[in-house]
Amino acid sequence: MSQQVEPRDRKRGADLLAASLRGHGVRHVMGLTGGAIMETMDALHSCEELELNIFQTEAGAAWAAIGYARATGRVGVCVVTSGPGATNTVTALADAHRDNVPLLMITGQVASSARNTDAFQESNFAEIAAPAVKKVFYLSRADEIVATVDAAFRIAVEGRPGPVLIDFTKDAQQARVAPGQMAAALAPTSFPGSQSRTRAVPDDSIANVARLLSRASRPAIILGYGLVLAKSVEELKELLRLVPCPVVHTLPGKPGLESDHPLNFGMLGMHGFYIANWIVQHSDLLISLGARYDDRVTGNLSTFAPRAARLLHFDIDPGQISKVLPKRKLPVVGDLKDTLPALVRKLAGSQYSFPSWLAEIDCIRDRHPSTYGKKSDVVQAQYVMEVLSDTIEGQEATRNRPVIFTTEVGDHQMWAAQFLKIRDNWFFMSSSGQGAMGSGLPMAIGAQLAYPEALVVCLAGDGSLRMSEAELETITALHLPVKIVLFNNQGYGIVRMWNHLFYGRRETGVIKCHKDWPLMARANGFADSSVRSVCHPQELREALGPALLDGGPHFLEVVTPYEECLPLTPPGKPFEEIILQEARASSRCHAFD
């Protein structure tokens, strides 16, 4: 016999918070309930204008909010409880901070009267999270809810986007509020969740860039996630029409330019292609568009881009510019949505051409092609990336749909960065700054919630998916058509490679071979017809095609061999010590002459 559900009395602080979220244009909230947040969860569940999506883990909810934010550019919202519920989100907060993701994390907290009493599930999460967020709010008064939420949304999107924490006490959630406060919370705001824009353009810096370009004969562009975040892909293409110089990209910068653009030479850095790193090392002027110059890009700082007269660094955050090689840089501070058009206007009417530079690059690429040693008897991950790209591109039904790829973290992530194609209306997201395993699957869920009509494909390694496998149940519970391609090479591929190269082949817990992944998918609600394992190359296309076209979730395990993830520039080493597949027998290739 079913019990009648009583309607909620919507006059409490938790309801005011829900109304404030609605006022900021929020439609989806990711969360997981618990004692200190139950009042807010009940209010969110009772709010017909909000869709509360429940996850199996707090980390999964947080990563899904990040996926939602990265797919839309709007603030992702996650709600979890106090104590262990809150601390389970720390890695996602740190990732959002490093990768510039606008995120609002709302955590429950014990009543203010119990603060600092070692109450059940009390932790000082405000101090724990402070280094990983832009701003922390300890919210203990109902009359401060609307102003706090307004400030949180503004801070999350202004300048360099990032996460904001509201630690919401139980007594504030349960406090009575006046009807007038609810009306104020629902009023439209000036910060609906889209990114704010810094409109000031540094004219002197733009003039200096133009002057340096006029003197350069071998310029190159590093494309970073900042350009993707600014949605300035078309502005980049306009710049390249005026200044046809080579472009290389960082891992998160991959969706900033189509893979088949004639000036796109692929990913640089530790696992970047030989040609991409060669271009940087031989450029006489290096232009960074929203890239950080982090250690995975630069390698040994003392030998990075030695022939570049200056490093031009376009970034919205002056603090980011000053972190690495500041004495070599010419900073251009501002939003790329503003600074790139300003540069294009400055260069208009000028004629730039670099035929000898591009011809030399083609010659070097012919000597060291961006490819891999193909094998016909096993399913290589690189081959899967190529077939997946071609299959999607060749399907009429998927041709005009948005396509969103997410990755977990590991060698499959690097091979996706190297060999997965990017086309117009295709997007790629991956935990880059933190490199957090367990991020890709829930990010795919968040992206699918943001765009129900999109084809969302999660590329996961069997080592990394162990960190987020619980969220397979979320996919089926929410009836989401996420497609999962699992690369099963029985463990942690990159760490295993490092064990072999740098630690005398001593393997430390990197072999994982006892999990039946198809059974795991079925146990989490995937239908038998939507689960498949592929062991031979000839099976791949036949398995991928129907799965990509189907309107439901699919789980495709691809059994792949262990292979070294190359190229590799060893950590802290100059790019002259890059390890290439073609020269693996001698371990090194000294060809940067």
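Leaving out residues up to four places away in sequence, Leu459 touches Met385, Leu388, Phe405, Thr406, Thr407, Glu408, His412, Ala416, Leu420, Val485 and Phe487, where contact means heavy atoms within 4.5 Å. The model is predicted, so that local features need pLDDT of at least 70 and side-chain atom pairs count only at pLDDT 80 or more, while totals for chains, interfaces and linings use all residues. Residues are numbered from 1 along each chain as its sequence is written, and side-chain values use heavy atoms, with hydrogens and water left out.

**Nonpolar cores**

- Leu459, together with Leu286 and Phe405, touches the most other members among the 103 residues of the largest nonpolar core, a core being a set of buried Ala, Val, Leu, Ile, Met, Phe, Trp, Tyr and Cys residues joined through side-chain atoms within 4.5 Å.

**Helix packing**

- Helices (H or I, at least four residues) and strands (E, at least two) are DSSP runs numbered from the N terminus; axes are lines fitted to C-alpha atoms, for helices over the stretch in contact, and angles run from 0 to 180 degrees between N-to-C directions.
- Helix 18 (residues 381–394) packs on helix 26 (residues 537–549) at an angle of about 40°, with the axes 10 Å apart, and the two helices are therefore oblique to each other (angles under 35 degrees count as roughly parallel, over 145 as roughly antiparallel, 65 to 115 as roughly perpendicular and the rest as oblique).
- The contact joins Tyr383, Val384, Val387, Leu388, Asp390, Thr391 and Ile392 of helix 18 to Pro537, Leu540, Arg541, Leu544, Gly545 and Leu548 of helix 26.
- By class, the residues of the contact of helix 18 with helix 26 are 9 nonpolar, 2 polar and 2 charged, where Ala, Val, Leu, Ile, Met, Phe, Trp, Tyr, Cys and Pro count as nonpolar, Asp, Glu, Lys and Arg as charged, and the others, Gly among them, as polar.
- Helix 3 (residues 58–72) and helix 21 (residues 440–450) have axes that come within 6 Å and cross at roughly 50°, which makes helix 3 oblique to helix 21.
- In that pair, Gly60, Trp63, Ala64, Ile66, Gly67, Tyr68, Arg70, Ala71 and Thr72 of helix 3 meet Pro442, Met443, Gly446, Ala447, Leu449 and Ala450 of helix 21, and the contact divides into 10 nonpolar, 4 polar and 1 charged residues.
- Helix 12 (residues 233–242) and helix 16 (residues 336–347) pack at an angle of about 20° with their axes 9 Å apart, which makes helix 12 roughly parallel to helix 16.

- Helix 1 (residues 13–23) is mostly covered, with 10 of its 11 residues buried (buried means under 20% relative accessible area, exposed over 50%, partly exposed in between, with a 1.4 Å probe and protein chains only), and Gly25, whose phi is positive, near 80°, follows helix 1.
- Gln3, placed in the segment before helix 1, counts as exposed at 75% relative accessibility, and its C-alpha atom is separated by 48 Å from that of Arg399, 396 residues apart along the chain.
- Thr107, in strand 4 (residues 103–109), is buried with a relative accessible area of 0%.
- Apart from neighbours within four places in sequence, Thr107 is in contact with Ile37, Val80, Thr81, Ala86, Phe125, Leu165, Ile166, Asp167 and Phe168.
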